[in-house]
Amino acid sequence: MDTAVYCPSYAPFFGFAGVFASMAFSSLGAAYGTSRAGIGIAGIGPFRPELVMKSLIPVVMSGIIAVYGLVVAVLLAGQMSPTAGYSLFSGFVALGAGLSVGVGGLAAGYAIGVVGDYCVRGYARENRVFVTMVLILIFAEVLGLYGLIVALILNAKADNTLCTL
């Protein structure tokens, strides 16, 4: 069997593209969520400073999105070595896993940012909005968690046994 077909020299490119997509897109989502929710917190801070600490929940949840991407990026990069073979299948699996957690994190960060901004401002007017804000934020965070779960399942499917000859 010709391993050059299954383990070409350009296969790690797709693996590294998955690592990049994982970190870049999930970090973009986390940054957007943090900045957008931070705008809402900065808007209520001067008027209701006692609410600022409870209003940091969207910012913390946005940061967790970046951690999802970091976990997947470390797992994907850990499978690559300059001396061991790397299959094209593993490269595409890594790209799919990176895009899964990255785009899921981007969507979750966007949702958390928008919800965080508006709900924090609403919380400054009416305290009963807090429970609603937390519930919506949990469902927005789950988008990123779904991407992480799919990425972990995909990562478990990577196989470089054809490249060990």
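1. **What you're looking at.** This is a predicted model, where local features need pLDDT of at least 70, side-chain atom pairs count only at pLDDT 80 or more, and totals for chains, interfaces and linings use all residues. Residues are numbered from 1 along each chain as its sequence is written, and side-chain values use heavy atoms, with hydrogens and water left out.

2. **Transmembrane annotation.** An unreviewed UniProt entry puts "transmembrane region" at residues 12–34, 55–77, 89–116 and 128–154. UniProt positions are in the numbering used here, with feature names shortened, and annotations may be inferred rather than shown by experiment. Residues 12–34 are 100% helix and 0% strand, with end C-alpha atoms 33 Å apart. Residues 55–77 come out at 91% helix and 0% strand, and the end C-alpha atoms there are 36 Å apart. Helices here are DSSP runs of H or I, at least four residues, and strands are runs of E, at least two, numbered from the N terminus.

3. **Domain annotation.** The unreviewed UniProt entry also lists "domain: V-ATPase proteolipid subunit C-like" at residues 18–76 and 95–154. In the model, residues 18–76 are 80% helix and 0% strand, and the two end C-alpha atoms lie 8 Å apart. For residues 95–154 the figures are 95% helix, 0% strand and 10 Å between the end C-alpha atoms.

4. **The nonpolar core.** A nonpolar core means buried Ala, Val, Leu, Ile, Met, Phe, Trp, Tyr and Cys residues joined through side-chain atoms within 4.5 Å. The largest one has 32 residues, and Ile-65, Val-72, Leu-76, Val-101, Ile-112, Met-133 and Leu-137 touch the most other members. The elements giving two or more residues to this core are α2 (11–44), α3 (57–78), α4 and α5 (129–156). α4 supplies the largest share of this core, eleven residues. Take Ile-112: beyond residues up to four places away in sequence, Ile-112 touches Pro-58, Met-61, Ser-62, Ile-65, Leu-137, Ala-140 and Glu-141. Contact here means heavy atoms within 4.5 Å.

5. **α2 against α3.** Axes are lines fitted to C-alpha atoms, for helices over the stretch in contact, and angles run from 0 to 180 degrees between N-to-C directions. The α2 and α3 axes come within 8 Å and cross at roughly 175°, so the two helices are roughly antiparallel. Angles over 145 degrees count as roughly antiparallel, under 35 as roughly parallel, 65 to 115 as roughly perpendicular and the rest as oblique. On the α2 side the contacting residues include Gly-18, Ser-22, Ser-26, Gly-33 and Gly-38, and α3 meets them with residues including Pro-58, Ser-62, Gly-69 and Ala-73.

6. **α3 against α5.** These pack at about 0°, with their axes 10 Å apart, which makes α3 roughly parallel to α5. Among the α3 residues that meet α5 are Ile-57, Tyr-68 and Leu-75, and the α5 side includes Phe-130, Glu-141, Gly-144 and Asn-155.

7. **The Asp-117/Arg-121 pair.** Asp-117 sits in helix α4 (residues 88–125) and is buried, at 6% relative accessible area. Arg-121, also placed in α4, is partly exposed at 32%. Buried means under 20% relative accessible area, exposed over 50% and partly exposed in between (1.4 Å probe, protein chains only). The side chains of Asp-117 and Arg-121 make a polar contact of 2.7 Å. A polar contact is a pair of N or O atoms within 3.5 Å; within protein, one must be able to donate a hydrogen and the other to accept it, and residues adjacent in sequence count only if both atoms are side-chain atoms. Leaving aside neighbours within four places, Asp-117 is in contact with Arg-36, Ala-37, Ile-39 and Gly-40, while Arg-121 touches Ile-39, Gly-40 and Ile-44.

8. Ser-90 is in α4 and buried, at 0%. Its side chain joins that of Asn-160 through a polar contact of 2.8 Å. Beyond residues up to four places away, Ser-90 touches Ala-158, Asp-159 and Asn-160.
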